[in-house]
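Please look over the sequence and the 3D structure below before reading on.

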Amino acid sequence: MTAIAAEGSPAIQDGFEHPALFYAGRSEYLEGTVPFIEDGLSADEPVAAAVPRHNLDSLRRALGSAADRVMLVDMADAGANPGRIIPGVLRSFVDANKGSRRIRIIGEPIWPGRSELEYPACVQHEALLNLAFDGRPVTKLCPYDTDGLSAQAIADACATHPLLIDRTGRHPSERYDPDRILDAYNLPLDPAPKYAVERSADSSTLDNARWFVTSYARAAGMTGLQLVDLEIVITELLANSIRHGGGTGAFRIWTEPSHLVCEVSDAGHITDPLAGRMPTDETQFHGRGLVFVNQIVDLLRVHTSPRGTTVRCYLRLPAA
């Protein structure tokens, strides 16, 4: 077998390098990732690996004592909601290592087992990385399991990564077009089920909306801490609708077998593709609410257009 080498290559973008690593099986995975990590450590570069648990364990064993010098993150936990990967995992690591000549990160947000519901947010995340880290001295290697992932996922990886690495070598992607991916996956969400409860809120009824949503969730079996989280979520989303979406927001709430689902729709249009996916500070007036929501929920889906915006949140119900 030809080894897959993921060592650095000339930057495809100014500062930010974003290669996809196509691998089949554990051996190819380690051949493509371990040298990437070891070369970074040899160059005294900060290195992180945010990958699902099974691959995280393989990396830890292969690296031995060197694993102590790498920030290892279980992506299935930290990145369960793809919307919190950039602000909660990647930017925090990059910002903590400002001044480094180069920073290396292995990030695997898409793996066999990701649901069809999660996938659009995952591929949007991969496309947005090219905006979020443009110009920064970061190399972000993204492994893709060619045995377990669909042909569509592999094709999308070719569109979101300017450099492709496989057993035959390194190849500039002829299909690189992240803007197309962002447009293609900004799809209208499936309609809420007929049994969903729908209400609307404005500045005078926001308190009542909070009470109604938390009462519904309490009856559905959510815990006290989850109710606090849900109250924050509905407050932030409706406040955004009141402030930026025409003064009112329509909200719907329902349960599915494993989740409570809550969505808010309004007449606003989110024009910043990174809204909700970048760290914010208190000087910023826009985008902070979605960042808070992304950190709380188990999955966040968004559809936005000049005709309006719908934000849908999933929170896992306690096991029976």
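How many aromatic pairs does the count come to? The count comes to 5 aromatic pairs, where rings of Phe, Tyr and Trp (its six-membered ring) pair if their centres lie within 6.5 Å. This is a predicted model, in which local features need pLDDT of at least 70 and side-chain atom pairs count only at pLDDT 80 or more, while totals for chains, interfaces and linings use all residues. Residues are numbered from 1 along each chain as its sequence is written, and side-chain values use heavy atoms, with hydrogens and water left out.

**Aromatic rings**
- Tyr23 and Tyr29 form one of the aromatic pairs, with centres 4.7 Å apart and 70° between the planes, and this arrangement is called edge-to-face because the planes are over 60 degrees apart.
- Tyr23 has a relative accessible area of 4% and Tyr29 one of 1%, so both count as buried (under 20% relative accessible area, with a 1.4 Å probe and protein chains only).

**Helix H9**
- Among the buried residues of H9 are Leu227, Leu230, Ile234 and Leu238.
- The elements covering the buried residues of H9 include helix H8 (206–219) and strand E9 (249–255), strands being DSSP runs (E) of at least two residues.

**Thr160**
- Thr160 lies in helix H6 (residues 151–160) and is buried, at 0% relative accessibility.
- Not counting residues up to four places away in sequence, Thr160 touches residues including His18, Tyr144 and Ile181, where contact means heavy atoms within 4.5 Å.

Key. Phe/Tyr/Trp six-rings, centres within 6.5 Å; stacked < 30°, edge-to-face > 60°. Buried < 20%, exposed > 50% of the residue type's maximum accessible area, 1.4 Å probe, protein only. Helix = DSSP H or I, 4+ residues; strand = E, 2+ residues; numbered from the N terminus.
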